[in-house]
Each structure stands twice: as structure tokens, then as C-alpha cells.
Amino acid sequence: MNNIQLFNIAPNIPEELRFLETLSFNMWWCWHFDAIDLFRRINPTLWKKVNGNTRAFISMIPQAELESLANNSGFIRHLKRVQYSFERDVTKLNERSEAHKLENRNIVYFSLEYGIHESVRLFSGGLGVLSGDHLKAASDLRVPIVAVGLLYRQGYFRQFLDHSGWQNERYPENELHLMPVKRVLDKNKNPLMVSLKLLDKTLYAAVWKLEVGNVPLILLDTEIPENPPEFQEITWRLYGGDKRMRLHQELLLGIGGYNALIQMGIEPAVCHMNEGHAAFMNVARLAHLVNGMGLEPDVAVEIVWRSNIFTTHTPVPAGNEVFDVALVRPYLEALKDDLCVSVERFINWGVPINMRNKSSELCMTILGLRMSNYSNGVSKLHGKVAREMWQHLWPTRPLDEIPIEHITNGVHLASWIAERNKIIMDHYLNPDWLESPVDEATVNSIDNIPDEELWYSHEMCRQGLIRYARQCYKKHLRFRKNSIQSSFKTKNILTEDILTVGFARRFATYKRATLLLRDRDRLKALLTDPSRPVQIIFAGKAHPADDAGKSFIQQIVQFAESEDLSHRLVFLEDYDIGLARSMVQGVDVWLNTPERPQEASGTSGMKAAINGVLNCSILDGWWDEAYADFKNVGWEIASGESFDNAEDRDNVEAQVLFNLIENEIIPCFYDRSENDIPYRWVRMMKESIKMGISAFSSRRMVEEYNRKFYVPALKYHDELIADNAALARQVVKEKNRYIEHLDSVKIKQPVVDNEMVNVHVGDVFKVSTEVFLGELKPEEVDVEVYYGPVDVQNNIMSSNVKVMKKLEDLGKGFYRYGYDITCVDPGRFGLTARVTPKGHSWDNSVPGFMRWAE
């Protein structure tokens with residue numbers, strides 16, 4: 001039957017319940033327990049069935065049940081309580097605060113994926129969940145940002161294993177009418193659409209909006225009739241398809257996303273690129289400043305990079321996305337009218353300096369770094385690794401001055417803390433602790449929680465996890481085994497009162513999920529110990545193209561089945577936010593075994609920590625700084641980095657891990673008092689919670705982004721753009737002068753006025769140097785003495801930089817500068833001198849302009 005017209009029939013929601021409709025369209029509900037409970041109390045069975053999908057839930061409530069609820073005074077009181085909180089956080093804020101009105105939001109956050117709740121499948125893993133937590137924290141803190149992403153019709157794959165334990169993928173459709181999204185309308189109240197030129201064709205995208213508290217998330221959708229079939233597929237799958245498909249997605253995210261904001265009346269002043277996927281945003285931003293505001297291209301370039309922010313999440317070169325220049329160039333040439341700079345110049349922004357005009361690849365991370373004044377890694381260790389990785393982009397700068405900072409990731413406490421634990425903490429801390437800055441007094445109040453109360457709460461969480469795991473196992477095992485065997489195994493998997501270890505994350509090979517399988521006999525002995533047994537729950541997805549990662553999953557499944565250990569070692573399929581939430585709340589130990597330093601941050605361990613789960617991890621990512629800064633919060637798996645052979649390293653680290661489990665973790669867990677409380681373990685749980693809520697929350701993270709990046713970038717943008725971009729034009733003039741006279745600047749090795757053989761702490765000595773500036777004036781540069789402690793190769797390890805004073809004009813462009821150095825610390829030191837541009841940051845405008853003494 002052809003030409004069927006489709007229509008939806010929605011329930012007729014009584015006036016008294018109309019707020020439920022509003023709430024179902026805003027993800028604010030998913031991190032407020034009172035709002036979750038409001039939906040759940042309507043029909044607990046249905047709520048569980050729809051997996052927290054509020055739109056599906058509302059559509060399936062029988063009309064008679066809605067009428068009954070409208071007359072239920074207890075439910076109405078509950079609804080009014082939630083409505084009051086919602087209006088305080090969202091409705092009234094957006095109505096009364098000028099900064100929070102949509103058209104005034106000028107800080108934009110771009111990400112290819114967002115993990116907000118398991119019912120909205122726009123994410124694959126950690127990067128997306130981090131983006132979701134970023135938006136939630138921004139909403140809580142009332143930071144007026146707007147976010148941009150893609151509306152995937154199929155999202156990331158759903159995982160199922162075949163009879164051999166091999167991962168397979170399926171892609172169920174996201175039904176738009178059951179998603180909490182609404183079409184964005186233009187000024188004429190028509191559905192807004194953006195267009196983008198892809199080679200000789202035009203791509204169209206519908207614009208949708210998903211509300212995350214008071215933060216609007218703008219999503220682009222290409223599955224519309226205006227597009228040919230191959231273009232409709234662009235927003236089908238996250239991380240699906242070939243390189244050309246990925247290029248289409250990233251062009252759409254960056255250029256289409258930015259243009260959608262402009263059409264909505266939003267003028268972005270600060271753009272935050274969460275990874276390199278959004279770096280093509282710079283094409284649209286330049287076009288808007290040049291074609292829309294009438295600025296010269298060079299002026300626009302300075303404004304753009306000086307108010308952009310870039311966050312890198314990948315600590316290994318191979319993990320940073322690149323496109324063949326031969327693939328990208330035709331797309332950029334088709335966009336040359338919007339590009340506003342030559343195609344060659346744009347491509348050169350995305351290649352190493354020594355490969356300009358000859359590189360065969362465009363690196364999106366380099367493009368993001370080059371086009372951003374504010375850049376960061378996502379943990380202290382990752383910041384160091386990122387500076388080492390990308391030092392070649394600033395060849396004249398010492399390592400500790402590479403302009404990549406670190407802002408350690410954090411997790412959204414309200415989204416990940418167990419409801420039972422929150423109730424306890426509300427009582428012993430204060431009821432508003434989640435909405436308030438976490439100070440020392442609040443953190444120390446964790447110690448006031450009775451050990452028995454915290455332990456019983458955790459045991460309830462573990463029991464809840466075991467029940468959830470059995471349900472998941474039963475659902476998935478029936479596709480692999482006969483029903484009789486499935487029923488028997490499901491009833492016997494896992495035990496509610498023994499030491500439970502969790503390992504759940506993306507099954508990339510560097511994360512080494514199979515490290516414990518290196519000694520299978522020893523592992524089997526741990527799992528089957530009659531008096532002090534251990535059980536392990538695994539979960540996670542391998543990328544569809546990663547056969548090595550899929551093999552790791554298969555090895556775990558086959559080991560458990562072949563050794564008859566399925567009751568102690570379980571792999572739970574189809575890892576998502578819901579399963580992650582249950583695991584980080586219910587396991588006792590969170591295991592993390594990456595190859596150091598390939599874990600940029602890792603946030604799953606943070607989610608576990610805030611629930612009192614103890615981490616056992618390689619010192620990588622966030623755990624490297626957590627373990628150094630906090631005591632008695634978990635265990636370090638000593639790294640075998642000194643081994644050149646990966647096989648030897650893995651074997652050594654596996655044995656270290658077994659020793660930890662056998663000699664420290666198991667005794668600590670099973671060392672019980674008469675009332676069966678492991679008091680030493682509970683003390684560590686409290687320290688873990690204190691660490692998590694004080695140092696690793698997304699509230700702290702977003703506050704740090706706001707203080708370090710958003711506020712300064714916004715201020716700088718406004719200064720650059722004021723008075724018809726007068727300051728930006730002045731910056732361009734200064735830049736051109738530096739470039740013109742760069743080669744002529746010379747500086748001699750500094751001279752010390754006396755012997756430095758026997759200087760002591762407290763001594764002062766004079767340093768001077770001669771400089772030739774040529775056509776540059778002294779007020780245009782800083783002449784600096786650079787000194788610090790040296791290593792065995794006489795390299796300065798940590799720098800001290802002091803601006804020298806002009807002592808004398810020697811004529812014909814020559815000058816003498818000097819500075820008095822005070823000896824503060826003992827040790828072996830080195831010094832030299834250099835010339836740098838004065839005033840504004842020139843890191844990306846004139847990256848080579850730093851002249852060192854010769």
C-alpha cells in the first residue's frame with residue numbers, strides 16, 4: 001500500500017499535569033532525583049520498560065491514568081515541588097537574565113557527540129559523556145553557553161555477541177517523535193534549515209534543539225527530503241562510514257553548526273572546540289567576520305584564533321584524526337568564497353611547520369591548536385604529554401612554555417552518585433551540597449557518616465548491580481544459548497556479598513582488558529577461592545572496525561565459559577550510560593590497566609570514586625595526579641614503562657596487579673569486625689569520596705574553563721572587535737612588522753659581571769647582553785634573561801624568565817640590556833637570553849618569532 005500519510009496521536013494531558021510535558025522536553029530531569037521519582041511513581045513498570053525515555057513514557061501512559069493523577073493530591077504536591085525547582089533553574093533564569101537569553105549566548109561549545117542520558121543515543125563513550133557532563137555543570141553554574149552537535153538517526157551501534165563471544169553491531173533507529181527535541185524556527189516561524197556546499201552539490205540540514213537544563217544544544221539533521229540519499233546518511237551513524245563520510249560530518253558540525261547559530265541570531269564570541277572534529281568551524285567564523293561584518297581577512301584571522309578554545313583528548317599521535325589533503329582540498333576549493341583565505345594557507349594551518357606546502361595530510365588536532373589562543377589537555381599528565389607531542393609546532397619555545405595547559409576532566413556528581421549515597425550525604429553534609437561550592441568543611445563532613453551506614457548503603461548498591469547484571473545477562477544470553485541453560489546460568493551468576501571488581505570502558509587494545517588473562521591459573525584461583533573469592537564484571541564496546549578489540553572481548557567470554565567460571569567472571573553486553581551508572585555505584589574496586597601514558601584522563605574512575613569505590617589503576621590520566629595528591633584512596637599498579645618490549649611490560653604489570661589483589665585488596669576487603677564491617681576499607685571509601693567530590697567534579701572543571709578561558713577570551717574578543725575592530729587592525733600591523741623584520745634581529749650570549757664559581761644562596765650577580773633590533777624599536781620587544789636548573793645534559797628543566805632593562809642605546813639599532821639575578825635555591829643552573837614580541841600573545845600569529853642568544 002503506497003502513499004500512506006503518518007500521524008501521531010498524543011495523550012490529552014490534563015491542565016494540572018501540563019508541566020510533565022514541559023519537563024519531558026528538558027534533560028534537567030535526568031540529574032534531579034526528585035524529578036526522576038516523579039516520572040517513576042506514575043508507572044514504575046512502564047518507566048523501566050522505556051529506559052527513562054520521557055517522551056516515549058508520556059505517549060504511552062493510558063488516558064485514564066492521567067485523569068487519575070490529576071486528582072491525586074499527593075502527586076500534584078510532588079509535581080509542584082519539582083516545577084518550582086525547574087523554574088528556578090531554567091525558566092525564570094532564561095526569562096530574566098539577559099545573558100541567558102538564547103540570542104545573547106555567545107560562548108559556543110562544539111562536540112561530535114553528547115552523552116546526557118542512555119535514552120538519548122548521541123554518544124559512543126567517554127568523550128560524549130564528558131560533553132554531556134560539561135553542559136550539565138554549565139547549567140548548574142549558570143554559565144551562558146550554547147552547544148552544537150549532530151542529531152544521529154541511528155547513533156552509535158548496539159552491541160550483541162554471537163555464540164563464540166564475537167561482537168556484532170546493530171543500528172536501531174532513533175525515532176524523532178520519541179526524542180526530547182524540537183525544531184528551531186526562523187524569524188518567520190518556519191522550520192530553520194542550513195545549507196553547506198559539498199563539492200558541486202548542496203547539503204541541507206534541519207536544525208533541532210535539545211534543552212539540557214538552561215543550556216540549549218543545537219543539533220543538525222540531514223535525513224530530510226531535500227537531500228539525496230547519500231547526503232541523508234551523513235547524520236545516520238556516529239563514527240560510521242569511511243573517511244569521506246567523516247569529513248562530511250565534520251564539515252557539517254563546524255561550518256553548518258556555526259551558520260545555524262548565525263541564522264538563529266546568535267553572534268559567537270568564543271568558540272570551544274572539544275577535540276579536532278569541529279575545527280572546520282573556523283571556515284564559517286572567518287566567513288562571517290569578513291562577509292557578514294566587512295572585516296579584512298587578516299583582521300578576521302586574528303580575532304578568530306585569539307578567541308578560540310581547543311581541548312585535545314588524545315595522547316598518542318596515531319589517535320589524532322587526519323584527512324588526506326587530496327580528499328580535503330576539493331571541498332575547501334568549493335568553499336573558497338566563504339574561506340576568505342587561500343586554500344593553501346588554510347591547509348598549512350593544519351600541518352607541521354616543516355611540512356607546509358608539501359604535507360599529504362591535514363591534521364585536525366594541529367588545525368585546532370593553531371587556530372586557538374587557549375588550548376588544554378585533560379589531566380596534568382596529559383598536559384605534559386601534549387606539550388611534548390606538539391612542541392614541534394612552536395620550534396623556538398622551550399617545552400614548559402608550549403601554550404597547552406591542562407584542565408583535568410571532572411564528572412557531574414548529581415548524574416553519577418547513587419541515590420542512596422546522596423540521601424546519606426544530604427543528611428551529614430547539608431541538603432544543598434550538590435548545588436554549592438565544595439569547601440573543606442563540607443569535604444571533611446564525610447568523616448561524620450557512620451561507617452556502618454555507608455557500608456550498608458554500598459552493599460545495597462552492590463546488590464542492585466548484581467540484580468541488574470543478571471537481568472542484562474539473561475536478556476543477552478538467550479541469543480547465544482538454549483533457554484534452559486540460560487535460565488540456569490542467570491540464576492547462578494555473581495554473588496551479592498563478595499569482592500566485586502569492575503572493568504568497563506571502550507575496548508581499545510591499549511586499555512588492555514585482558515591483562516589478567518596473562519596468568520589464567522592464578523586468575524582462576526582468585527575467582528574460585530572458597531573463603532575469600534573475587535568476581536569480575538566486564539563491559540565495553542570495541543569500534544566496529546577494531547578486530548583486535550573484539551578479540552579481547554571474545555577471549556574474556558571464552559575463558560569464562562571454557563573454565564566454567566561464568567558465575568564469577570561476566571561480560572555484560574551493550575555498555576551504555578545506564579549500565580555504567582550501575583557499575584560505578586555497585587562494584588567495590590574499579591580496575592584500569594592502560595598502557596601509560598596513553599590514557600588522556602579517564603572519567604569512569606572518578607564516577608566510581610564519588611560512590612566510595614576504590615580505584616586500582618596504572619598511574620595514567622587522572623589517577624596519576626589523584627594518587628599523588630590524595631592518600632588511602634586506592635592502589636597503584638606500578639608501571640613497567642622501563643621495558644622496551646611490550647610483551648615483557650604486560651607480563652610484569654600483570655604480576656604486579658595479581659600481587660596487589662592477593663596481598664592488599666583481598667585482605668583489606670575481607671578483614672571484618674564482629675559486626676561484619678570492613679572498617680579499614682570503609683575509611684578508604686570515605687577518602688575516595690572526599691577526593692572525588694573535592695577535586696574531580698565537572699563543576700570544578702567548568703569553573704576552571706570559565707575562569708581560565710571563557711571569561712578572558714570573551715573580554716579579549718570584545719576588545720578586539722570594538723570600534724570597528726580597531727585593536728585587531730593594530731595587531732595585524734604589529735604582526736606584519738614583526739614578520740618583516742624578524743630575520744634581522746640578533747642577540748649575543750649574556751655576559752656575567754663577575755665569576756660565578758662560588759655564588760651562594762642570597763648572592764646577586766649582574767647579567768647583560770647586546771641586541772641588534774634593526775628597524776624594530778625597544779618598546780616593541782622584550783629582551784629576557786632565561787635561566788633555571790639544568791639536567792645532566794645541561795638542558796634547562798624549569799624556566800625562570802625576567803624582562804631585562806635597557807641600559808644603553810649603542811646606536812644603529814644596537815642596544816645593551818641588563819638584569820640583576822638573585823640566587824634563591826642551591827643547585828646547578830644555566831642561563832641564556834632571548835628577544836620576544838611585546839604585548840599580545842603571538843604564539844600562533846608569529847610562532848617562530850623568538851630569537852635566542854647566539
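Visitor: In which sense do strand S24 and S25 pair, and over how many bridges?

Guide: This is a predicted model, and the general idea for reading such a pair is that strands of a sheet pair through backbone hydrogen bonds, either parallel or antiparallel. In this case strand S24, residues 781-789, and S25 pair in the antiparallel sense over four bridges, and Glu784 stands opposite Val803 in S25.

Visitor: What is the order of the strands in the open sheet of four strands, and which are the edge strands?

Guide: The order is S25-S24-S28-S29, and the pairing is antiparallel. The edge strands, each of which pairs on one side only, are strand S25 (800-803) and strand S29 (851-852).

Visitor: How many bridges join strand S21 to strand S23, and over how many do S23 and strand S27 pair?

Guide: Strand S21 (residues 746-747) runs antiparallel to strand S23 (residues 764-772), and two bridges join them, with Val771 in S23 as the bridge partner of Ile747. Strand S22 (residues 751-752) also pairs with S23 in the antiparallel sense, over two bridges, and there Val751 stands opposite Ser768 in S23. For S23 and strand S27 (residues 814-822), the antiparallel pairing extends over nine bridges, and the bridge partner of Thr769 in S27 is Tyr817.

Visitor: Turning to a helix, which residues of helix H12 are buried, and why do they line one face of the helix?

Guide: A residue is called buried when its relative accessible area is under 20%. In helix H12 (residues 325-334), the buried residues are Val325, Leu327, Val328, Tyr331 and Leu332. Seen down the axis of H12, these buried residues fall within an arc of 150°, so they line one face of the helix. Among the elements that cover the buried residues of H12 are strand S6 (193-198), helix H9 (243-263), strand S11 (322-324) and helix H14 (343-348).

Visitor: How many cavities of 30 Å³ or more does the structure hold, and which residues are the closest to the centre of the largest cavity?

Guide: The structure holds five cavities of 30 Å³ or more, and about 80 Å³ of space lies in the largest cavity. Of the 10 residues that line the largest cavity, Tyr473, Val557, Ala560, Leu569 and Phe571 are the closest to its centre. Helix H23 (547-562) and strand S17 (569-572) each supply at least two residues of this lining, and the largest share, four residues, comes from H23.

Visitor: What is the volume of the second largest cavity, and how do the residues of its lining divide?

Guide: The second largest cavity has a volume of about 50 Å³, and the residues that line this cavity include Trp305, Tyr374, Trp394, Asp843 and Asn844. The lining of the second largest cavity divides into five nonpolar residues, four polar and one charged.

Conventions. Residues are numbered from 1 along each chain as its sequence is written. This is a predicted model: local features need pLDDT of at least 70, side-chain atom pairs count only at pLDDT 80 or more; totals for chains, interfaces and linings use all residues. Side-chain values use heavy atoms; hydrogens and water are left out. Two strands pair if DSSP finds at least two bridges between them. On a 1 Å grid over the protein atoms alone, a cavity is a set of points where a 1.4 Å probe fits but cannot get out, and a pocket is an open set with protein on both sides within 12 Å along at least five of seven lines; lining residues have an atom within 4 Å of a point. Grid points are joined across faces, edges and corners, and a volume is the space filled by probe spheres set on the points. Ala, Val, Leu, Ile, Met, Phe, Trp, Tyr, Cys and Pro count as nonpolar, Asp, Glu, Lys and Arg as charged, and the others, Gly among them, as polar. Buried means under 20% relative accessible area, exposed over 50%, partly exposed in between (1.4 Å probe, protein chains only). The arc is that of the directions from the helix axis to the C-beta atoms. Contact means heavy atoms within 4.5 Å.
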